[in-house]
Amino acid sequence: MTGLLIAGRMVDPRGSAALGWIAIDGDRVAATGRGRPPGTPDIDHDGLIAPGLVDLQVNGAAGHDALEGGDALDAIDDALARRGVTSWLAAMPTAEDDRIA
């Protein structure tokens, strides 16, 4: 197996955690499994390995929209992270031209 092998407690779709592993090849998850990893792990993770959501259209959150600037983007980021979103793409809601520019 090439790439990065991480072992630790993995959260399954039901929300329970058990020993497991994840293999990363480049920028992709190549394989996952339960139990002992298929080789010597590059990282023995002492926290939880959990899935995360990638949201490709975020107009706003937490009372802010993406057009409000840096502080709003920070608040949106914090709110989304608390809900399991690990990365997101700001999308511009419909607005006047001078607000979007």
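I begin with a contact between side chains: Arg-34 and Asp-12 meet in a salt bridge, 2.9 Å from N to O, the term meaning a side-chain nitrogen of Lys or Arg within 4 Å of a carboxyl oxygen of Asp or Glu. This pair links distant parts of the chain, 22 residues apart: Arg-34 belongs to strand E3 (residues 28-34), and Asp-12 to the loop between strand E1 (4-11) and strand E2 (17-25).

Please note that this is a predicted model, in which local features need pLDDT of at least 70 and side-chain atom pairs count only at pLDDT 80 or more, while totals for chains, interfaces and linings use all residues. Residues are numbered from 1 along each chain as its sequence is written, and side-chain values use heavy atoms, without hydrogens and water.

Asp-12 also forms a salt bridge with Arg-14, with the closest N and O atoms 3.0 Å apart. Asp-12 is buried at 9% relative accessible area, whereas Arg-14 is exposed at 71%, as is Arg-34 at 56%. Here buried means under 20% relative accessible area, exposed over 50%, and partly exposed in between, with a 1.4 Å probe and protein chains only. The whole structure holds two salt bridges.

I turn to the overall fold. The protein has two helices and eight strands, taken as DSSP runs (H or I, at least four residues; E, at least two) numbered from the N terminus. Their order along the sequence is β-β-β-β-β-β-β-α-β-α. The C-alpha trace spans about 55 × 25 × 20 Å along its principal axes. Of the 101 residues, 24% are buried.
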